[in-house]
Amino acid sequence: MSRFVQALVALSLSASAAAQYVWPPQQAAAPGNAVMNAPFRSVAGAPTTKTRCMVVLDAASVPFPIGTTVTQIALRRDASYGAQGYAALQGSLRVRMGRAVAAPDGIQDVRFARLWQGAPTTVYDAPNGTFSSPAAPPPVGGAPPFSIVVPLQRPFQWQGGPLAIEFLYTPTAGTSLWRVDAVATPRSAGSFRSLGPGCGGSNGYRGQQYVLTETAVPGGQMQVVVEGAVRPASPGSPQDVAIHVLGASGTAIGGVPLPLDLGPLLGTPSGCLLRNDALATLTVPLANPSLLFGRASSLIAVPATPAIAGAQVFSQWLLFDLALNAPFRATVSDGIEITVGSYVGAVTPRRARTLWKYGATGFDIDSGVMADGEYGPVLRFQ
């Protein structure tokens, strides 16, 4: 055998023996304990058939060393729907990789564009329905094969830090029923429910709040966010801040039943209803404003006392609005009742954080849904 042929054989063997890494490693030959409908499941009735999914992996859990060049990403079907086969995938697929702005525990924004540190790298882009993957029959024991293979058109070298991977998929026609194998580690979390809407501001939006439920636990820093405020008119304007009102009751204040119409008292717009008493108030600066409305986030330390699990607190926001033609230039957000979750002691850092959006636009204005706990697809890298 000539040296030239020997070199070709060696090169071929080297290529075929490219190292493969599975995240998380223990799922290399065992199915995960969860199912992820994203990124290849499209939902009927959504504004578009596009599905957008982003997973952030903690640097300590990335299964390959810093400096590794990734040339392929693969996923597999779930093993939970054991009697169901999936038709072949056919559609458009874009995959981007890069460094996330924070580790999974620090990911709190639901806007995809804000989760990248710097510009992501488009590692695969198959438009106009040119991405395909074979059908996946019902699994027969063990872990299904990694049949969804994405050969990167632009290899990606990991330089350390939290690794973010985003999939944007559009089926060629109709909806997709695919579910991929995933892992999930539940975490203790609180909950919240609506007590009723707020009133509209001059920007056309009503203040609406939500709680990062995993922070509403004993010993946590409970984070309550409101969106829909009027954007600040100028530095130093009253519209630069919002007032967060926390209460112990959602049924009465000083013996007066709730909700209470604030119009006769303050001259607020119609429909501005006080929905909780005022146990404490916090002045919070507006942050992360969009082009349409402002956003504020409040942090409340929850005592590290297991006995307060199940306790309730009530939340509403006062939002200043100088453009209102009313004596008291402010509106109120919706009201919510927050229930503190159970105590679990020390919590290990998440290895993964996942966001997704059914009916995505494909542009970076998309906001997604954030999964609670630790949740991510089983991935194979090469």
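The charged end of Arg179 sits over the ring of Tyr81, 3.9 Å from its centre, where such a contact requires NZ of Lys or CZ of Arg within 6 Å of the ring centre and within 35 degrees of the ring normal. This is a predicted model, in which local features need pLDDT of at least 70 and side-chain atom pairs count only at pLDDT 80 or more, whereas totals for chains, interfaces and linings use all residues. Residues are numbered from 1 along each chain as its sequence is written, and side-chain values use heavy atoms, with hydrogens and water left out.

**Charge over a ring**
- Arg77 lies over the face of Tyr86, at 4.1 Å from the ring centre.

**Aromatic pairs**
- Searching the whole structure gives 10 aromatic pairs, a pair being rings of Phe, Tyr and Trp (its six-membered ring) with centres within 6.5 Å, and planes under 30 degrees apart counting as stacked, over 60 as edge-to-face and the rest as tilted.
- The rings of Tyr86 and Trp178 have centres 5.2 Å apart and planes at 40°, so this pair is tilted.
- Because Tyr86 lies in the loop between strand E4 (69-75) and strand E5 (89-99), and Trp178 in the loop between strand E8 (163-171) and strand E9 (180-185), the pair ties together parts that are 92 residues apart in sequence; strands are DSSP runs (E, at least two residues), numbered from the N terminus.
- Both Tyr86 and Trp178 are buried, that is, under 20% relative accessible area with a 1.4 Å probe and protein chains only.
- Ring pairs also link Phe40, Tyr124, Phe131, Phe167 and Tyr169 into a cluster.

Methods:
Helices (H or I, at least four residues) and strands (E, at least two) are DSSP runs, numbered from the N terminus. Buried means under 20% relative accessible area, exposed over 50%, partly exposed in between (1.4 Å probe, protein chains only).
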